[in-house]
Amino acid sequence: MKNKISELRKRMGMSQQELAQRCEVSRQTINAIENDNYDPTLALAFRLSRTLEVTVDQLFTYEEASR
């Protein structure tokens, strides 16, 4: 799943640490999501989208893995 978290976070002038604190997760979690190493829970996806002031479907794009 691709996401625009890094782009939107930077546009808002927010660090990974600040986003993590607002979403009640670790900075490492934000880093892993931004680098496509971790797919967030649905609850976290909604917290991220609310914090970054976009909808979940604007934040995440599903891409099927190549076989």
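Tutor: First, a definition for helix pairs: axes are lines fitted to C-alpha atoms, for helices over the stretch in contact, and angles run from 0 to 180 degrees between N-to-C directions. Helices (H or I, at least four residues) and strands (E, at least two) are DSSP runs, numbered from the N terminus. This is a predicted model, in which local features need pLDDT of at least 70 and side-chain atom pairs count only at pLDDT 80 or more, while totals for chains, interfaces and linings use all residues. Residues are numbered from 1 along each chain as its sequence is written, and side-chain values use heavy atoms, with hydrogens and water left out.

Student: What makes α2 and α3 roughly perpendicular?
Tutor: Here the axes cross at roughly 110° and come within 8 Å. α2 and α3 are therefore roughly perpendicular to each other.

Student: Which residues of α2 and α3 meet?
Tutor: From α2 there are Gln16, Gln17, Leu19 and Ala20, and from α3 there are Arg27, Ile30, Asn31 and Glu34. By class, this contact of α2 with α3 has three nonpolar, three polar and two charged residues. As for the classes, Ala, Val, Leu, Ile, Met, Phe, Trp, Tyr, Cys and Pro count as nonpolar, Asp, Glu, Lys and Arg as charged, and the others, Gly among them, as polar.

Student: And which residues of α2 and α4 meet?
Tutor: Leu19, Arg22 and Cys23 of α2 meet Leu44, Arg47, Leu48 and Thr51 of α4. The contact of α2 with α4 divides into four nonpolar, one polar and two charged residues.

Student: Why is Gln16 called buried?
Tutor: Gln16, in helix α2, has a relative accessible area of 14%. Buried means under 20% relative accessible area, exposed over 50%, partly exposed in between (1.4 Å probe, protein chains only). Gln16 is therefore buried. Leaving aside neighbours within four places in sequence, Gln16 is in contact (heavy atoms within 4.5 Å) with Arg9, Arg27, Ile30, Asn31 and Glu34.

Student: How do you know that Thr51 is buried?
Tutor: Thr51, in helix α4, has a relative accessible area of 14%, so Thr51 is buried. Beyond four places in sequence, Thr51 is in contact with Met12, Met14, Leu19, Arg22 and Cys23.

Student: What makes Glu24 exposed?
Tutor: Glu24 has a relative accessibility of 68%, so Glu24 counts as exposed. Glu24 sits in the loop between α2 and α3 and has a positive phi of about 60° although it is not a glycine. In general, most residues other than glycine have a negative phi.

Student: How do you know that Glu53 is exposed?
Tutor: With a relative accessible area of 65%, Glu53 is therefore exposed. Glu53 lies in the loop between α4 and α5 (56-59), and Glu53 also has a positive phi of about 60° although it is not a glycine.

Student: Why is Asn35 called partly exposed?
Tutor: The relative accessible area of Asn35 is 43%, so Asn35 is partly exposed. Asn35 is placed in the loop between α3 and α4. Between Asn35 and Lys4 the separation is 31 residues in sequence and 10 Å in space, C-alpha to C-alpha.

Student: And what makes Ser26 partly exposed?
Tutor: Ser26 has a relative accessible area of 31%, so Ser26 is partly exposed. Ser26 belongs to the loop between α2 and α3.

Student: Which residues of α3 are buried?
Tutor: In α3 these are Ile30, Ala32, Ile33 and Glu34. Their cover includes β1 (2-3), α1, α2, α4 and β2 (60-61).

Notes: Parallel < 35°, antiparallel > 145°, perpendicular 65-115°, else oblique.
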